[in-house]
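Hello,

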Amino acid sequence: MAMRRVAFHGRHLLSSSHLFCRHMSTEPMAALDRIRNSGLLKTQGLVGGKWIDSYDGKKIEVQNPATGDVIASVPCMGSKETTDAISSAYSTYSSWSKLTAAERSKTLRNWYDLIIKHKDELALLITLEQGKPIKEALGEVNYGASFIEFFSEEAKRIYGDIIPAPLSDRRLLVLKQPVGVVGAITPWNFPLAMITRKVGPALACGCTVVVKPSEFTPLTALAAADLALQAGIPPGALNIVMGNAPEIGDTLLKSTQVRKITFTGSTAVGKKLMEGSASTVKKVSLELGGNAPCIVFDDADIDVAVKGSLAAKFRNSGQTCVCANRILVQEGIYEEFAKAFVKAVQGMQVGNGLVEGTSQGPLINEAAVQKVEKFVNDATSKGANVILGGRRHSLGMTFYEPTVVSNVNRDMLLFKDEVFGPVAPLVPFKTEEDAISMANDTNAGLAAYIFTKSIPRSWCVSEALEYGLIGVNEGIISNEVAPFGGVKQSGLGREGSKYGMDEYLEVKYVCMGNLKGT
Ligand code: NAP
């Protein structure tokens, strides 16, 4: 409780006229009461349409990272519960996959409508268990819901092909069919959207799913699953298990009934899942870590570059896979950019995400803060300068000061790896070739950003960057209609957009022969 008081010290509470409030209080307990009253505080796993505890009664506590308070306890599940969830998904597959596309589409649309109806409660839940500011949480609910809406529409567009046959008595058809049962493992940084981006297309195609959300953020997943049941998604089509991650993961990998693994998370775990999928030759989609360069050229519009790189860097306190990890700035604009960027960063308010005006919440846990500290210490020990922040925030807990570090170079951890925190490293460069070479000097290849007024340069640099997503003069680029995914060790496959459907479909060729009719 003492810690919660510290976190709220000197902050303004949301007023009743605020965007999110239908009488919402900033007090976490009141927020929790509101969620409970809406019926969306689910604290059991979901298997075969039934809410269940772990078979041995073990539980995990879910904490609010802004206060350290325990929000709820959920079952700590393992192999046995996962096996039952797989069986349930497997038996439901035969009926769900046989519905017409229009029927599946309608049910998904109902789910979308319910998510939007409960967007305030879902946003509160995201802020409580993940820590992001309520405005960003609401943005995540809209973003997460958009995948369900989009894929409810795409369900009706799973077209096959007819191929001109090389022999006159044959007709060659291509059918697209669901892959079967899907195991989906998701991270804590987008507790809703990383689930809907997978489950939306999977259900639209006729697959059934076992989801394992992060142990840090299971409550949003459970609330979303409850809305799915209310929407008419049949028991067993969507199952949620959480707890012992390696055990749940291994059970999904070993099962011959699970035909696909889809994962968002760290590159290290992604590699293990890819390896583990080999024994049963599963289809695999991986959305892994990034190391995004954000390149500011001399000819950039400085206001656009500052606004765009600020958004790309500090969203979710730097805890997104597409966050700008290295801000490469050309020498001619370096000083001017650094000054304007620092000024913009100074304007950001750190605090509990439920407090009005907060733009930087806490990091997810102590290990995340220690990683940030290690990276900053490594940089300063090798000659970089902290020009803003560089310490834990006076609010305590896992709050860290928004930080800008100048003169970062290729030898530093801040350049080589994903810091996943509110630290912006500025890296000077001379020429366009230098910038491209530095940007591509990593095993990651998820997002990259360019700021320039030159259209030829926008084209050339976009083509030269070894990344799956490029933002030109824009720091926030992800949406449901565009393909999201990485190259190199940032992943396999694409999510969102029409391409996101392919990940859940098999292509079947049918040759009809001996058509010697009239
Ligand atoms: P993580 O540690 O890899 O965890 C991701 C998920 O994998 C969690 O549900 C986790 O469970 C589970 N997991 C951990 N070990 C496992 C195992 N041995 N077998 C099966 N599952 C296992 O990653 P994170 O820290 O949550 O997320 C941050 C990372 O995700 C960053 O690298 C970020 O860049 C990446 N990310 C990528 C994208 C993208 O679209 N490319 C999007 C968001 C995040 P528990 O949490 O319960 O341990």
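**Ligand site**

The ligand takes up the space of the largest pocket. A pocket here is an open set of points on a 1 Å grid over the protein atoms alone, where a 1.4 Å probe fits, with protein on both sides within 12 Å along at least five of seven lines; a molecule sits in it if more than half of its atoms lie within 2 Å of its grid points.

This is a predicted model, in which local features need pLDDT of at least 70 and side-chain atom pairs pLDDT 80 or more, while totals for chains, interfaces and linings use all residues. Residues are numbered from 1 along each chain as its sequence is written, and side-chain values use heavy atoms, without hydrogens and water.

The shell holds 29 residues (a heavy atom within 4 Å of the ligand), and T186, E215, S266, L288 and E418 come nearest. By class, 15 are nonpolar, 9 polar and 5 charged, with Gly counted as polar.

- S266 side chain, 2.6 Å
- W188 side chain, 3.0 Å
- R197 side chain, 3.1 Å

Of the 910 Å² of accessible area that the ligand has on its own, the protein covers 88% (Shrake-Rupley, 1.4 Å probe).

Two or more shell residues each come from α7 (193-205), α9 (245-254), β10 (258-264) and α10 (267-277); α9 gives the largest share, 3 residues. Helices are DSSP runs of H or I, at least four residues, and strands runs of E, at least two, numbered from the N terminus.

Regards

Methods. Polar contact = N/O pair within 3.5 Å; in protein donor to acceptor, adjacent residues only side chain to side chain. 1 Å grid on protein atoms, 1.4 Å probe; cavity = no way out; pocket = protein on both sides within 12 Å on 5 of 7 lines; lining within 4 Å.
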